[in-house]
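Try each task before reading its solution.

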Amino acid sequence: MSKEHRPLLMRANRLLGAALVEHNLVKIEDLETANEKLIDLVAGEQPRQSTILGILAYDMKVLKEDDVLHHLVESEGVGLVDLRDYDVPDDSKKNLDRGACWAT
């Protein structure tokens with residue numbers, strides 16, 4: 001990951017982690033452990049694995065994806081969209097900063 005995207009990645013993941021704790025989806029102790037793992041992943045130049053959500057859900061198994069989705073739908077009024085059959089036009093991809101996308 002480029003150095004310009006690291007602050008964005010860290011900020012986005014810290015804000016997400018704080019929101020998960022605020023809404024009682026994870027414990028602060030688990031978030032602190034996940035943040036340490038995140039720092040190690042970022043240092044290892046693995047942008048696709050550098051997500052607090054992935055660490056909490058898949059590595060530490062202290063968060064369920066269904067719980068997050070249910071919270072978003074019920075509490076925040078967010079709708080869900082199935083993107084499996086969605087194709088992004090090539091001209092939209094031309095100016096896309098993929099590093100920034102992975103960082104957030």
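## Exercise 1: Salt bridges

Arg84 and Asp82 form a salt bridge, with their closest N and O atoms 2.6 Å apart. Keep in mind that this is a predicted model.

**Task.** Find how many salt bridges the whole structure holds, and describe the partners in each.

**Solution.** 

1. Searching the whole structure gives two salt bridges.
2. Start with the Arg84 and Asp82 pair. Arg84 has a relative accessibility of 71%, so it counts as exposed, because the cut-off for exposed is over 50%. Asp82 has 47% and counts as partly exposed.
3. Now take the other pair, Lys93 and Asp90, where the closest N and O atoms are 3.9 Å apart. The limit for a salt bridge is 4 Å, so this pair qualifies.
4. Lys93 is partly exposed at 31%, while Asp90 is exposed at 57%.
5. As background, side chains of opposite charge can pair when their charged atoms come close.

## Exercise 2: The overall fold

**Task.** Describe the secondary structure of the protein and the box its C-alpha atoms fill.

**Solution.** 

1. Count the elements: there are six helices and zero strands.
2. Read them from the N terminus, and the order is α-α-α-α-α-α.
3. Along the principal axes, the C-alpha atoms fill a box of roughly 45 × 35 × 20 Å.
4. Finally, consider burial: 24% of the 104 residues count as buried.

## Exercise 3: The largest pocket

**Task.** Work out which helices supply at least two residues each to the lining of the largest pocket, and what kinds of residue make up that lining.

**Solution.** 

1. The largest pocket has a volume of about 290 Å³.
2. Its lining has 17 residues, and those nearest the centre are Leu16, Leu20, Leu53, Val68 and Leu72.
3. Helices H1 (6-22), H3 (52-59) and H4 (65-76) each supply at least two lining residues. H4 gives the most, with six.
4. Sort the lining of this pocket by type, and you get eleven nonpolar, three polar and three charged residues.

## Exercise 4: A nonpolar surface patch

**Task.** Which residues form a nonpolar patch on the surface, and where do Leu69 and Val78 lie?

**Solution.** 

1. The patch is formed by Leu69, Leu72, Val73, Val78 and Leu80, which together have about 360 Å² of accessible area.
2. Leu69 is in helix H4. Val78 is in the loop between H4 and helix H5 (90-94).
3. A patch member needs over 30% relative accessible area, so Leu69 at 31% and Val78 at 37% both pass. Each counts as partly exposed.

## Exercise 5: Positive phi angles

**Task.** Asn24 and Lys61 have a positive phi although neither is a glycine; where does each lie, and is each buried or exposed?

**Solution.** 

1. Asn24 has a phi of about 60° and lies in the loop between H1 and helix H2 (28-43). At 68% relative accessibility, Asn24 is exposed.
2. Lys61 has a phi of about 55° and lies in the loop between H3 and H4. With a relative accessible area of 63%, Lys61 is exposed.

Conventions: Residues numbered from 1 in each chain as written. Predicted model: local features only at pLDDT ≥ 70, side-chain atom pairs only at ≥ 80, totals over all residues. Heavy atoms only, no water. 1 Å grid on protein atoms, 1.4 Å probe; cavity = no way out; pocket = protein on both sides within 12 Å on 5 of 7 lines; lining within 4 Å. Points joined across faces, edges and corners; volume = space filled by probe spheres on them. Helix = DSSP H or I, 4+ residues; strand = E, 2+ residues; numbered from the N terminus. Nonpolar A, V, L, I, M, F, W, Y, C, P; charged D, E, K, R; others polar. Patch = residues over 30% accessible without salt bridge, like charges linked within 9 Å, V, L, I, M, F, W, Y side chains within 5 Å. Areas by Shrake-Rupley, 256 points an atom, 1.4 Å probe, with all protein chains shown as cover. Salt bridge = Lys/Arg side-chain N within 4 Å of Asp/Glu carboxyl O. Buried < 20%, exposed > 50% of the residue type's maximum accessible area, 1.4 Å probe, protein only.
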